Amino acid sequence: MNEQYRKWFNDMAGRWDSIHPPYVKERLREIIFSIDLPPEGKILDVGTGTGIMIPLLLERLGPNGEVWALDIAEKMLEVARAKVSDSRVRFVHADVMDIPAKEDTFDAVVCNSCVPHFPDKPGSLRELFRVTKPGGMIIICHADSRDYINNRHREIGGLVANDMIPEAGEMQAMLEEAGFSGVRVTDGQDRFIALGKKE
């Protein structure tokens with residue numbers, strides 16, 4: 001487990017929600033509801049943080065669906081857990097490089113606002129490919145533009161100063177090298193989305 005990132009995000013957990021503007025949740029809702037997710041599927045929410053994606057994913061799921069909310073920072077998970085009382089959610093304290101799940105477990109893997117913080121992006125994407133079911137998909141998303149996020153990380157500095165969203169062509173190449181196909185990347189003015197499938 002990457003202890004530097006674990007400590008950094010643990011230190012941020014108490015004020016994480018206060019530093020994100022209200023429009024973020026609505027944009028994430030638009031993104032998630034524009035994608036065809038299986039209502040009875042099992043979804044991995046990578047870097048769940050304080051759980052902003054969890055209620056949106058639960059809205060998409062039926063009674064037999066399941067969300068695994070995974071984060072490297074246990075204090076982030078504590079905040080998320082305090083907001084959710086739904087038996088369809090399982091909280092998992094783990095590093096994205098070592099996901100405690102068998103191959104071909106998840107119908108969809110969602111990475112909201114976390115890929116820039118993967119120290120080994122290619123290795124992390126390979127691990128996400130491993131746990132995705134054949135026919136399943138990966139959804140990488142941000143509720144702001146690539147330029148905005150990257151500049152924000154530079155402003156924050158310290159550990160995350162160089163945590164960048166790759167440009168569209170590089171993101172596509174990394175996903176394809178990890179094994180995903182049919183990759184589509186949208187680098188928009190108010191969002192960044194990369195989608196791929198495990199055929």
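Guide: First a term: a contact here means heavy atoms within 4.5 Å. Among contacts between residues at least 6 apart in sequence, 69% join residues at least 24 apart. Keep in mind that this is a predicted model.

Visitor: How many helices and strands does the protein have?
Guide: There are 7 helices and 7 strands. Along the sequence the order reads α-α-β-α-β-α-β-β-α-β-α-α-β-β.

Visitor: What radius of gyration does the protein have, and what would a compact globule have?
Guide: The protein has 15 Å. A compact globule with 199 residues would be near 16 Å, so the two agree. The C-alpha trace spans about 40 × 40 × 30 Å along the principal axes.

Visitor: What share of the residues is buried?
Guide: Buried residues make up 54% of the 199. The cut-off for buried is under 20% relative accessible area.

Visitor: Charges next. How many are positive and how many negative?
Guide: The protein has 25 positive and 32 negative charges. Their mean positions are 3 Å apart.

Visitor: How many salt bridges does the structure hold?
Guide: It holds 17. Take aspartate 144 and arginine 27, whose side chains meet at 3.3 Å, N to O. Aspartate 144 sits in the loop between β5 (132-142) and α6 (146-156), and arginine 27 in helix α2 (residues 23-33), so the pair ties together parts 117 residues apart in sequence.

Visitor: Are aspartate 144 and arginine 27 buried or exposed?
Guide: Both aspartate 144 and arginine 27 are buried.

Visitor: Which residues are linked with Arg27 and Asp144 in a network of salt bridges?
Guide: Glu30, Asp190 and Arg191 are linked with Arg27 and Asp144 in that network.

Visitor: Give me a strand example. How far apart are the side chains of glutamate 66 and lysine 42 in their salt bridge?
Guide: The salt bridge between glutamate 66 and lysine 42 is 3.9 Å, N to O. It links distant parts of the chain: glutamate 66 is in strand β2 (residues 66-71) and lysine 42 in strand β1 (residues 42-46), 24 residues apart.

Visitor: How accessible are glutamate 66 and lysine 42?
Guide: Glutamate 66 has a relative accessible area of 24%, so it is partly exposed. Lysine 42 has 23% and is partly exposed too.

Visitor: Why does glutamate 155 count as exposed?
Guide: Because its relative accessibility is 61%, and exposed means over 50%. Arginine 152, at 35%, counts as partly exposed.

Visitor: New topic: threonine 48. Where is its place?
Guide: Threonine 48 is in the loop between β1 and α3 (54-60). At 4% relative accessibility, threonine 48 counts as buried.

Visitor: What is threonine 48 in contact with, leaving aside its neighbours within four places in sequence?
Guide: Threonine 48 is then in contact with Ile54, Ala69, Leu70, Asp71 and Leu77.

Conventions:
Residues are numbered from 1 along each chain as its sequence is written. This is a predicted model: local features need pLDDT of at least 70, side-chain atom pairs count only at pLDDT 80 or more; totals for chains, interfaces and linings use all residues. Side-chain values use heavy atoms; hydrogens and water are left out. A salt bridge is a side-chain nitrogen of Lys or Arg within 4 Å of a carboxyl oxygen of Asp or Glu. Helices (H or I, at least four residues) and strands (E, at least two) are DSSP runs, numbered from the N terminus. Buried means under 20% relative accessible area, exposed over 50%, partly exposed in between (1.4 Å probe, protein chains only). The radius of gyration is taken over C-alpha atoms; the globule rule is 2.2 Å times the number of residues to the power 0.38. Lys and Arg count as positive and Asp and Glu as negative; His and the chain ends are not counted. The place of a charge is taken as NZ of Lys, CZ of Arg, CG of Asp or CD of Glu.
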